[in-house]
Amino acid sequence: MLLHNGSIVLGPLPFASRVGSKSLRTPSNIFILNLAVFDLLMATEMPMLIINSFLERTIGWETGCDVYALLGAVSGMGQAITNAAIAFDRYRTISCPIDGRLNGKQAMVITLSTWFWALPFSILPMTGLWGRYVAEGFLTTCSFDYLTDDEDTRTFVITIFFWAYVLPMLLIVYFYSQLFKSIRSHEKMLRDQAKKMNVKSLVSNQDKERSVEMRIAKAAFTIFFLFVLAWTPYAVVALTGAYGNREALTPLSTMLPAIFAKTVSCIDPWIYAINHPRYRQELEKRCKWLGIREPVAQDAVSAQTEKVNVEES
């Protein structure tokens, strides 16, 4: 409950900060704003869950169940593919800081693509064309039907498993692995060059930029790790219901992974607020009650890393 309240408080901050601060209006932060939108969609389920718990059923019966499940489906799949977009942006920004950065138009196209990615498999169950939404756990939450014993349900479950979980995961792993490979190559080049020049270190302003961008990348990777930690148990439950031993699934064992998965939307804003240098500075200026202190020097370095993007967009 406390986590969800924290999400309500911190979740809208990326909107206010980005709109009110020129330094945060960058192509890279479009992806963060998009992730915040998906997070807030998930957080809007909380009032419905509270009401459902008191009623011991879903409010609005079948329609209410569809709305609840739709919010969870759009936000869950949107978070997955947006994490992949963030990984791609971090890879391009850090590996190719001069000519590899995304401009505003490119970032907007990718952001719109995340919604086209999330919507089809979220809307289909509502229309009854493929799959359906049903109550799960203690009948106070709703999600995809993965328990009906027929070929149509099994096909839908395995398809959405690959679309919403496996494919974004593969993209994220690929981009971060390429990023870390690039960093290792860059560091090796600096060490070799310093050895040839008989100096201790070759640290330039660009390397300081990379250091700050790496800090942002670490925050993004932490969010990705939490996403994997939260959604993997739910994926296992869905696959067990469709292809495994259904008798092993109890209301509690299906309810806990669903609730655990939703906590990601509550944690994301905190992770970025704690780790993003310029976002911390904006929070320090606008929300002094949070007690955040961020050195200005880091902001100057990080702001330089987005200069090319601002000019291009």
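So, by the rule I'm using, this chain has 5 salt bridges, where a salt bridge is a side-chain nitrogen of Lys or Arg within 4 Å of a carboxyl oxygen of Asp or Glu. Before I go through some of them, a word on what we're looking at. This is a predicted model, so local features need pLDDT of at least 70 and side-chain atom pairs count only at pLDDT 80 or more, while totals for chains, interfaces and linings use all residues. Residues are numbered from 1 along each chain as its sequence is written, and side-chain values use heavy atoms, with hydrogens and water left out.

Okay, the salt bridges. Take Arg90 and Asp89: their closest N and O atoms sit 3.1 Å apart. Are these two buried or exposed? Arg90 is buried, because its relative accessibility is 2%, and Asp89 is buried too, at 3%. For the cut-offs, buried is under 20% relative accessible area, exposed is over 50%, and partly exposed is in between, using a 1.4 Å probe and protein chains only.

Next up, Asp145 with Arg132, at 3.0 Å from N to O. Asp145 is in the loop between strand S2 (141-144) and helix H8 (151-197), and Arg132 is in the loop between helix H7 (120-127) and strand S1 (133-136), so this pair ties together parts 13 residues apart in sequence. A note on those labels: helices (H or I, at least four residues) and strands (E, at least two) are DSSP runs, numbered from the N terminus. Asp145 counts as buried at 5% relative accessibility, whereas Arg132, at 45%, is partly exposed.

Then there's Asp149 and Arg154, which meet at 2.6 Å, N to O. Here Asp149 is exposed at 58%, and Arg154 is buried at 17%. This pair also belongs to a network: Asp149, Glu151, Arg154 and Arg246 are joined by salt bridges that share partners.

Arg154 comes up again when you look at Tyr243. Tyr243 is in helix H9 and is partly exposed, with 46% relative accessible area. Along the sequence, Tyr243 and Arg154 are 89 residues apart, yet C-alpha to C-alpha they are 7.1 Å apart in space. Which residues does Tyr243 touch, leaving out those up to four places away in sequence? That would be Arg154, Thr155 and Ile158, with contact meaning heavy atoms within 4.5 Å.

Now the strands. S1 and S2 run antiparallel, joined by 4 bridges; two strands pair if DSSP finds at least two bridges between them. Glu136 stands opposite Thr141 in S2. Ala135, in S1, is partly exposed at 33% relative accessible area. Setting aside residues up to four places away in sequence, Ala135 touches Cys65, Thr141 and Cys142. Glu62 is 73 residues from Ala135 along the chain, and their C-alpha atoms are separated by 8.8 Å.

On to the inside. A nonpolar core here is a set of buried Ala, Val, Leu, Ile, Met, Phe, Trp, Tyr and Cys residues joined through side-chain atoms within 4.5 Å. The largest one has 44 residues, and the members touching the most others are Phe31, Ile86, Tyr146, Tyr165, Ile172, Tyr176 and Trp231. Helices that give two or more residues to this core include H3 (27-43), H5 (61-95), H8 and H9 (205-243). Which element gives the largest share? H9 does, with 13 residues. Apart from this core there's another, of 18 residues, among them Ala73, Phe121, Phe156 and Ile160.

What about the record? The unreviewed UniProt entry lists "transmembrane region" for residues 31-55, 67-88, 109-135, 155-176, 219-243 and 255-275. Those positions are in the numbering used here, feature names are shortened, and annotations may be inferred rather than shown by experiment. In the model, residues 31-55 are 96% helix and 0% strand, with the end C-alpha atoms 38 Å apart. Residues 109-135 come out at 67% helix and 11% strand, with 35 Å between the end C-alpha atoms.

Last, the whole chain. There are 14 helices and 2 strands, and 50% of the 313 residues are buried. Of the contacts between residues at least 6 apart in sequence, 75% join residues at least 24 apart.
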